[in-house]
Amino acid sequence: MATEEVAVVAARRKALSLSRLRAARSRYQSLHISDDVFGESGGDSSSDDNPFYSTSAGSSQSDCGGGEEEGDVMLREAGTGGRRPDITGQPSSESGDGEESAAGWTERLKDVVFPPHVESAGPVHQMPLNASAIDFFQLFVPDNVIRNMVVQTNMYAKKYQERFGCDEGWSDVDLPEMKTFLGYMISTSIHHCESVLSIWSGGFYSNKSIALMMTQMRFEKILKYFHIVAFRSSQTTHGLYKIQPFLDCLQMTFDTAFKPSQTQVLHEPLIDEDPLFIATCTDRELRKRKKRKFSLWVRQCAATGYICQVYVNLKEGTASDGLDTLKNRPQLHSLVAKSLCQNLAGKNYIIYTGPSITSLNLFEEFEKKGIYCCGLLSSRKSDCTGLPQSMLVNPEIPQARGQYRVRMKGNMSLISWSNKGQFYFLTNAYSPFKEGVIIRRKSGEIRCPLAVEAFAAHLGYICKYDDKYSKYFISHKANKTWQQVFWFVLSIAVNNSYILYKMSEAYLVRRYTRVQFGERLVKELLGIEEHLPLE
């Protein structure tokens, strides 16, 4: 009898775990990821990568945080602690105290005053009232960049035919044709389809309004020979040499077109897979799609969602910066963070990071450059070198919600905060004496350090950005790695164009949605409608 009861309980637990896992997958496929407070994704992500809740069957509370009930989202749905947080901490062993004191960590807290951020935030260019969608797009991809695509594509086509034989159906592409080609590609970010060639089909995904601007045969020819850099230089060793000039151009225009707010986030943006493609593709196609050979990191304004810088790291091949040779993942992420923040020195920005980037050495190095940080820690994913180990283990007696301990080293604060498990934060951007609150949707609130409240607020906004704008990535299924990267970063340029449009006076004249803005951009690239009169 006892054996049967144990079996029933085990079956119920397994069914509950599977239901939570299915619910998590459903949230991802429907892009309801705003519940994921951190929202970190990437090649090494798994179902339990989110440090605030776990959907795996074997989840436990032994690491960065404990499992959450379905729908009970960490930080935004935290319950009330019922008492003032305890920042005095629990007594630790004498040997542990001695080692931590020698390393400079102490329970004696001090107030920290930070220098003000003096730079103004917002768009740099004042756009006119009648500015069109293509005007904002060409802030990032001007005509001279597209002309270079024309030249390089024609050069590659000529060299290809010299080697493999004449292509009678080919003629040199010109600037209007290249704009039309890009417009067709961008249209797949608005109306998702399995193939861009569906535009000319007679099926559900056909688009007769733009299909007449270029024949399918001509489009396929341009796609066959399309290049940003036709030939490799003898001194080129970087795996992304075919699009490096375009990436450099975007880095410059992203930086010069907009001044971000003081608070910014380093993370891997969600690269959406079309739910219809996921539902209809074969297992073989799905496995192939998961084997992406690069990771994309961004520095993103936490107030607007504008992506300020992009960093592409190849997982295979030989790179000039040597990142591909690094086997220590925290070291790799540290170098990525330094590259993304190289233009922020001396401006008193605050950077929020996830567990893979957060480390004491990186934060101390940034502090010397006038960059302040706030990050979540994980014993599995973070570089915990130099941190007091007694603060990174769960207390023997579970603490009440809202209780937290703080230790300091200089201006650096290490926070252990309790809320259905222990969560650890490292920051030099907030005073340990300042408190905040996490408001629950239905009732009540829970006290927390101000750093925790700020982390939840800013990372939550980025998740909402991913929820909305990741649906508008170009859905062309390219085979070459450089082509995949190109279409992803071009999608980011279009999203940034819409963000600048919403902050301009032109938005007061015509309030385009993201879909309407994309449709206008496609038509203007195709030359169907250049400009509309003011209403």
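Reader: Hi! How far is the sulfur of Cys301 from the closest cysteine sulfur?

Author: The closest one belongs to Cys308, and the two sulfur atoms are 5.8 Å apart, which is too far for a bond. A disulfide here means a pair of cysteine sulfur atoms within 2.5 Å. By this rule the count is zero disulfides. Before we go on: this is a predicted model, where local features need pLDDT of at least 70 and side-chain atom pairs count only at pLDDT 80 or more, while totals for chains, interfaces and linings use all residues. Residues are numbered from 1 along each chain as its sequence is written, and side-chain values use heavy atoms, leaving out hydrogens and water.

Reader: Thanks! Is Cys301 buried or exposed?

Author: Cys301 is buried, at 1% relative accessibility. Buried means under 20% relative accessible area, exposed means over 50%, and partly exposed is in between (1.4 Å probe, protein chains only). Cys166, on the other hand, is exposed at 67%.

Reader: New topic: strand 7. How many of its residues are buried?

Author: Seven of its seven residues, 371-377, are buried. Strands here are DSSP runs of E with at least two residues, helices are runs of H or I with at least four, and both are numbered from the N terminus.

Reader: And which way do the residues of strand 7 point?

Author: Ile371, Cys373, Gly375 and Leu377 point one way, while Tyr372, Cys374 and Leu376 point the other way.

Reader: Which strands does strand 7 pair with?

Author: Strand 6 (residues 349-353) pairs with strand 7 in the parallel sense over five bridges, and Ile350 stands opposite Tyr372 there. Strand 10 (residues 422-427) pairs with strand 7 in the antiparallel sense over four bridges. In that pairing, Cys374 has Thr427 as its bridge partner. Two strands count as paired if DSSP finds at least two bridges between them.

Reader: How many salt bridges does the structure hold?

Author: There are 11 salt bridges. Each is a side-chain nitrogen of Lys or Arg within 4 Å of a carboxyl oxygen of Asp or Glu. One of them joins Lys224 and Asp167, whose closest N and O atoms are 4.0 Å apart. Lys224 lies in helix 7 and Asp167 in the loop between helix 4 and helix 5, so the pair ties together parts that are 57 residues apart in sequence. Asp167, Lys221 and Lys224 are linked in a network of salt bridges.

Reader: Where do Glu365 and Lys338 lie?

Author: Glu365 is in helix 12 and Lys338 in helix 11 (residues 329-340), 27 residues apart. Their side chains meet in a salt bridge of 3.2 Å, N to O. Glu365 is partly exposed at 29%, and Lys338 is partly exposed at 26%.

Reader: Last one: what separates Arg520 and Glu524?

Author: About one helical turn, because they are four residues apart in helix 16 (residues 514-526).
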